[in-house]
Amino acid sequence: MVRCWKRSENRLEEAQCSDGGPDVSPQSHFPHKAFWLSLSASLLLVVIALGLSGHLGVSQPLSSSLQIVRITVPDQTGVLINQSAVVDQKNDLVTFSVTSPANQTSTVLFDIKHGLICYKPVDQDSCFLREMEQSDYDNVNSLLHEPTRKQFQLSGNETRRQTEFLGVLAASQVNVSSLEEPLQALCQDRSVHWTRRAEGPGKQRLVYFCIDICFPSNICVSVCFYYLPE
C-alpha cells in the first residue's frame with residue numbers, strides 16, 4: 001500500500017492515492033480463500049475414501065478365506081455330537097472345536113503347512129504336539145477340498161471309528177516361543193509337550209483322557225493320551 005500526503009493550510013493530512021495499479025478491496029481476497037478451503041475439503045474426502053476402500057480391499061480376502069464347517073455325528077450310544085471346524089485355506093490351517101458329552105470343548109489345530117497337530121484339552125494345563133502322518137493329511141483334506149459345504153451329517157452305521165494312543169513325553173517340554181504363530185496363539189498360557197504314537201498304553205499305563213475328532217470322510221478318531229515315564 002502506498003501512502004500519500006497533502007498540505008492543508010498548516011498541516012499535513014493523509015490522503016488516498018494510486019500507484020498506477022488497480023484498486024484491490026479486502027473483500028476480493030475472500031473468493032480465493034473459499035476456493036482453497038473447498039479444495040482442501042475435497043482432497044480430505046478423497047483421502048478418506050481411498051483409505052476405506054483400501055481397508056475393505058485388504059480385509060475382505062482375509063475373511064473370505066475362512067470358513068466354518070459343522071459336523072454332526074452320533075456317538076456309539078446314539079447321542080448326537082456337534083463339532084465345528086474353522087478352515088483357513090490361505091494358511092493351510094484347520095481348527096476343530098470338539099465338544100464332549102459333558103459339554104466341554106477342546107481344540108485341535110492341524111497346521112498342514114508345518115506338518116503338526118496341536119491338541120488343547122479343556123481340562124488339562126498343557127498342549128500336546130505330534131507330527132502329522134499320511135492318514136492325518138488324508139482326513140483333513142476332506143475339509144480343505146470341500147470349500148462349498150458348510151454342514152456334514154455323518155451316519156452312525158457308515159462311520160468308521162478308530163483309536164489312536166499318544167504317549168506324552170513329560171520331559172520334552174517345548175518352548176512356546178519357538179513354535180509358529182498359530183500354535184503360539186493357541187497355547188500361550190500353557191506348557192507344551194511332544195507326544196509319540198504307540199500301539200497302546202499297556203497294562204501298566206493309565207489312559208488319562210481322550211478327544212474324539214470326526215471328519216467328513218466318515219471317519220471318527222478317538223485320540224487317547226497317557227503319560228510315559230521320564
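Arg130 is buried, because its relative accessible area is 3%, where buried means under 20%, exposed over 50% and partly exposed in between, calculated with a 1.4 Å probe and with protein chains only. The model is a predicted one, in which local features need pLDDT of at least 70 and side-chain atom pairs count only at pLDDT 80 or more, whereas totals for chains, interfaces and linings use all residues. Residues are numbered from 1 along each chain as its sequence is written, and side-chain values use heavy atoms, with hydrogens and water left out.

Arg130 takes part in a salt bridge with Asp136, in which the closest N and O atoms are 2.9 Å apart; a salt bridge is a side-chain nitrogen of Lys or Arg within 4 Å of a carboxyl oxygen of Asp or Glu. Asp136 is likewise buried. A salt bridge also joins Arg130 to Glu164, at 3.2 Å from N to O, and this pair links distant parts of the chain, since Glu164 lies in strand β10 and Arg130 in strand β8, 34 residues apart. Glu164 counts as buried because its relative accessibility is 7%.

A salt bridge is likewise formed by Glu133 and Arg197, with the closest N and O atoms 3.0 Å apart, and it connects the loop between β8 and α2, where Glu133 is found, to strand β11, which holds Arg197, 64 residues apart. Glu133 is partly exposed at 33% relative accessibility, and Arg197 is partly exposed with a relative accessible area of 37%. Arg130, Glu133, Asp136, Glu164 and Arg197 are linked in a network of salt bridges.

The strands, which are DSSP runs (E, at least two residues) numbered from the N terminus, as are the helices (H or I, at least four residues), include an open sheet of 11 strands in the order β9-β3-β4-β5-β6-β7-β8-β11-β10-β13-β12, with mixed pairing. Strands β9 (151-153) and β12 (209-215) stand at the edges with a single partner strand each, so one side of each is left without a neighbour in the sheet. Two strands pair if DSSP finds at least two bridges between them. Strand β10 (residues 160-174) runs parallel to strand β13 (residues 219-227), to which 9 bridges join it, and antiparallel to strand β11 (residues 191-198), to which 6 bridges join it. Within these pairings, Arg160 has Ile219 in β13 as its bridge partner, while Val168 has Thr195 in β11.
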